[in-house]
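This briefing is meant for someone meeting the structure for the first time.

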Amino acid sequence: MKRAKNWRSQHGFTVLEVMVVLIVSVALLGLGAQYMASYADNLANQAATDHMNLVANAASRYIKDNYAAVLAVAGPLKPATITVPILKRTGYLPSVIAERNPFGQHYQILALKPSAKQLQTLVLTSGGETIPEINMRRIAQLLGARGGFISSLNKEKVQGSYGGWQIALSSYGVMPGAGHLASALFFDDGAVVHDYLYRSSIAGHPELNRMNTDLDLANHNLNQAAQVNAQRVISNDSITAKGDIYAARAQIEGDTAAGGWFRSTGDNGWYNEKWQGGWYMDDADWVRSYADKNIYTGGQIHAGEMQTKGRLTSGEYLQIEGVANVGDACEPNGLIARDADASILSCQSGKWRASGGNAQIYYGDHLECPASKIPLAKYWTQEYATDPSVGGFCKLPMGWSSLIPPSCTVCSPLSVCSVVYSEHWNAVYCGQ
């Protein structure tokens with residue numbers, strides 16, 4: 001009895017184990033089938049890619065060698081048509097190559113002429129099976145930058161792999177439908193190029209990194225550009241630069257504002273083009289007016305020292321702040337100052353002297369100036385022609401005022417007319 005019971009227990013475990021093995025086996029079979037299906041798809045995708053490359057490369061060589069003939073037939077709205085039989089017959093495609101790809105699709109090679117020397121060519125498939133979207137996109141990726149497909153999302157355009165380019169099928173007058181492949185061939189004056197930008201440089205072909213039309217970024221940014229070279233930069237908004245801006249010339253129609261210095265280099269500065277004047281420096285000492293233009297201001301000009309080669313004219317008063325004392329030493333001669341009482345002083349013979357406005361004439365024989373005055377001249381009326389020190393005689397005019405220094409009406413020689421060293425004089429002219 002005990003042995004039978006053990007057998008029944010073991011029998012139950014054996015059935016459970018078999019069920020687990022069956023479940024695992026079925027799961028593995030499913031995974032294997034999925035893998036096999038994916039593997040088969042990959043083989044078909046690769047075969048379709050290789051077949052398209054064979055036809056596209058043959059078409060590219062044919063067009064290069066027969067460029068003038070194809071260019072003559074193609075138009076901007078009606079393409080020139082090249083078939084696989086033509087490629088075989090002319091020796092550009094081996095005769096053993098099938099005319100249909102692994103999906104049973106046949107090829108059309110259509111060349112448009114958008115401009116005088118350019119050809120825009122598409123190698124398209126049509127007919128046969130409809131390739132699933134995921135497989136079709138994978139084949140286009142395997143074809144590289146020139147690979148394309150017709151998506152079920154937009155049957156009227158051929159779209160390049162990864163969205164690298166797109167072309168309206170209406171331009172070529174065909175509508176193969178979704179699930180078909182394409183390869184783009186573009187020619188410029190007989191040289192094969194592709195109408196998309198290469199990310200890397202191609203030796204001997206700088207045109208492959210060149211745009212042939214405007215680039216519309218749809219309000220997106222252009223980031224991490226090391227250097228932008230342009231003939232003109234037009235912005236509808238502000239231009240912000242976190243570093244320096246270097247330009248041969250900047251022309252600004254509105255105001256120019258700076259939070260720092262406006263700096264010029266070399267012997268130049270600011271120039272008004274309309275009136276041809278401005279400011280500049282051509283040495284380490286002077287800021288100069290360009291073309292010797294005048295300076296006009298209703299405000300003030302402050303300077304440590306002011307020099308003029310011509311006259312100094314004031315439309316109002318001249319305020320002299322320099323204070324000096326009569327008799328003190330000064331240099332150079334010709335300086336103008338004032339004393340503490342605001343009387344005008346001038347530097348004469350190395351000393352400060354009062355101007356004529358503070359001078360006074362004293363009458364009487366042999367008079368001397370007071371101690372606070374400086375003798376300026378002595379005058380006389382007597383004749384001392386025999387005295388060589390007076391040099392003749394000098395006569396005072398009649399009726400002269402005490403505020404006006406007397407002058408000689410007759411005097412010889414004239415050099416001794418104003419100051420006479422004689423024992424006899426009738427008036428003395430004294431100043432501060």
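In this predicted model, β12 and strand β13, which covers residues 344-348, pair in the antiparallel sense over 3 bridges. Elsewhere in the chain, the structure holds 4 salt bridges, and several of their partners are described below.

**The sheet**

- An open sheet is formed by 3 strands in the order β12-β13-β14, with antiparallel pairing; its edge strands are β12 (336-338) and β14 (351-354), each of which pairs on one side only.
- From one strand to the next, the twist averages 40°.

- Glu-99 and Lys-88 form a salt bridge in which the closest N and O atoms are 3.8 Å apart.
- This pair links distant parts of the chain, since Glu-99 lies in the loop between α3 (84-89) and β2 (106-115) while Lys-88 lies in helix α3, 11 residues apart.
- Glu-99 counts as partly exposed because its relative accessibility is 38%.

- The side chains of Arg-137 and Glu-133 meet in a salt bridge at 3.2 Å, N to O, and both residues lie in helix α4 (residues 133-143), 4 residues apart, or about one turn of the helix.
- Arg-137 is partly exposed with a relative accessible area of 30%, and Glu-133 is partly exposed with 24%.

**A salt-bridge network**

- Arg-288 forms a salt bridge with Asp-282, their closest N and O atoms being 2.9 Å apart, and salt bridges that share partners join Asp-282, Asp-283 and Arg-288 into one network.
- Arg-288 counts as partly exposed at 29% relative accessibility, as does Asp-282 at 39%.

Conventions
Residues are numbered from 1 along each chain as its sequence is written. This is a predicted model: local features need pLDDT of at least 70, side-chain atom pairs count only at pLDDT 80 or more; totals for chains, interfaces and linings use all residues. Side-chain values use heavy atoms; hydrogens and water are left out. Two strands pair if DSSP finds at least two bridges between them. Helices (H or I, at least four residues) and strands (E, at least two) are DSSP runs, numbered from the N terminus. Axes are lines fitted to C-alpha atoms, for helices over the stretch in contact, and angles run from 0 to 180 degrees between N-to-C directions. Buried means under 20% relative accessible area, exposed over 50%, partly exposed in between (1.4 Å probe, protein chains only).
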